[in-house]
2 protein chains.
Amino acid sequence: MSGRLTVVGLGPGRSDWCTPAVTSRLAEATDLVGYGPYLAMVDPACRARRHPSDNRVEADRARNALDLADSGGDVVVVSSGDPGVFAMASAVLEQLAQQPDRWRNVEIDVQPGITAAQAVASRVGAPLGHDFCVLSLSDVLKPWAIIARRLDAVAGADLVIALYNPRSRHRPHQFADAIAIVARHRGPGTPVIVGRHVGRDAENVIVTDLAHLDPDTIDMSTIVVIGSSATRVIDRPPGSSVYTPRSYEPALPTAETGVAR
Amino acid sequence: MSGRLTVVGLGPGRSDWCTPAVTSRLAEATDLVGYGPYLAMVDPACRARRHPSDNRVEADRARNALDLADSGGDVVVVSSGDPGVFAMASAVLEQLAQQPDRWRNVEIDVQPGITAAQAVASRVGAPLGHDFCVLSLSDVLKPWAIIARRLDAVAGADLVIALYNPRSRHRPHQFADAIAIVARHRGPGTPVIVGRHVGRDAENVIVTDLAHLDPDTIDMSTIVVIGSSATRVIDRPPGSSVYTPRSYEPALPTAETGVAR
């Protein structure tokens, strides 16, 4: 009598950024599993039983959801953003990989959502309009040496860089270290977008540059997008528009300096 | 009497992956501007005037949309996927940057959508669950030397790689060249997902690996996602699930070999 486990993403907060596919799964569900504040974002009219849990218990939450589905439930695991980007879809599959026979009959489905980087980008134009990468700066789940190496590689290759989990209270100095790595490859005027609480009432998106980026304005509720050497800002009072052109025509890269400017 | 220009993304094809924010803008619009096949995806009940155009005329289309908005229209430029990812939002801002005064009073808004890489990923689980990048392999808009350098950098840094515009009739050999660059850093068993027409009736998603990836199955309607050294496949007949774990704990990288395995 196994059931179905759907991992959904609500998007970054605004209800009109949540896809109808996700809304429909929520309406059909018998059980909702997720981090408490995300479950609180689900329409109160949704009648499913709610199983809220704390942050940083993703593995327990995933096993609980798999067991509920195995007992015949139509279970929805609720993430914000896209559940496939630094979120619960991987957590569920990590558990499944450890005990594939236990949950052999559970049907697994993932329903994508707008992820925070897309939302922040849309607020200022199209900074992700050309090749880009999405990196988490959290060293809870990977060594800082790996983070530093990746930053150096993508900055050297002149990709636009979207940073998730950019700065926590437990590692406040690392954000400045990360920016210093990027600044080895990019000029001080490189556009930087800082998005906080995008899609929520407290939304605040600012456009600055590498030289003026203030680490004290960055915390875990911000997403930081750093432009490539091709990213441009258009001054349009009262704000600014930022875009990365579809074509890329600088001088060819050199071994010493990364992409020449 | 200037109006508004909204650049929207319909998502990858399925109507229930299109956000309510986008649906609402389409319903309010006086004019829809876009590549013909994308306009054909918009609900026939939408009564706006339609201005279809061919592929590869993005600059003309953007200027036309800006002029329509400047004349007071509520103009929607229609992309598939996310309009901010290799799509029309950058094309509009590129034109705006060239003549900022001409369109000074046009209000610009971008409404994000599910991009193809997210859709393909969701079909098999969570291959984008950890650090990843999104690259276009088209050399129409950038030199192949830049593409090769970027592939080498991101493969060396062990990022998951999502490839857009992977292989056209005009440059069929380049896809194999791209894979050869990645294969310098990753083993033959590295998971690869090939998604074709995702979100449409003809949808077809296969899971293979670097050694068995057949370039002849790749064209411009496919998205290719190449796993990192941490990406894993769970065999779940009749299909496979693929995920990249949230934590990353391999040996540290070495200068010679990229990330050691």
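## Before you start

The model is predicted, so local features need pLDDT of at least 70 and side-chain atom pairs count only at pLDDT 80 or more, while totals for chains, interfaces and linings use all residues. Residues are numbered from 1 along each chain as its sequence is written, chains are lettered from A and ligands numbered from 1 in the order in which they are written, and side-chain values use heavy atoms, with hydrogens and water left out.

## Where the two chains meet

Let's begin with the interface. On the chain A side, 74 residues are in contact with 73 residues of chain B (contact means heavy atoms within 4.5 Å). The two chains bury about 6100 Å² between them, 60% of it on carbon and sulfur atoms; buried area is the accessible area (1.4 Å probe) that two parts lose on being put together, summed over both. R150(A), R236(A) and R246(A) supply 13% of the area that chain A buries against chain B, more than any other three residues.

The chains also pair strand to strand: strand 7 (residues 132-136) of chain A and strand 7 (residues 132-136) of chain B run antiparallel over 3 bridges. In that pairing, C133(A) has C133(B) as its bridge partner. Strands pair if DSSP finds at least two bridges between them; helices (H or I, at least four residues) and strands (E, at least two) are DSSP runs, numbered from the N terminus.

## Salt bridges across the gap

Between chain A and chain B there are 8 salt bridges, each a side-chain nitrogen of Lys or Arg within 4 Å of a carboxyl oxygen of Asp or Glu. In one of them, D131(B) partners K142(A), with the closest N and O atoms 2.3 Å apart.

K142(B) and D131(A) also meet in a salt bridge (2.3 Å, N to O). K142(B) sits in the loop between strand 7 and helix 6 (144-156) of chain B, and D131(A) in the loop between strand 6 and strand 7 of chain A, so the pair joins two chains.

Chain A has an open sheet of 3 strands in the order 6-13-12, with mixed pairing. Strand 6 (125-126) and strand 12 (232-236) are its edges, each pairing on one side only. Strand 6 and strand 13 (residues 239-243) pair in the parallel sense over 2 bridges, and V242(A) is the bridge partner of G125(A).

Helix 4 (residues 88-98) of chain B packs on this sheet, touching strand 6, strand 12 and strand 13 of chain A. Its direction makes about 120 degrees with that of strand 13 of chain A; axes are lines fitted to C-alpha atoms, for helices over the stretch in contact, and angles run from 0 to 180 degrees between N-to-C directions.
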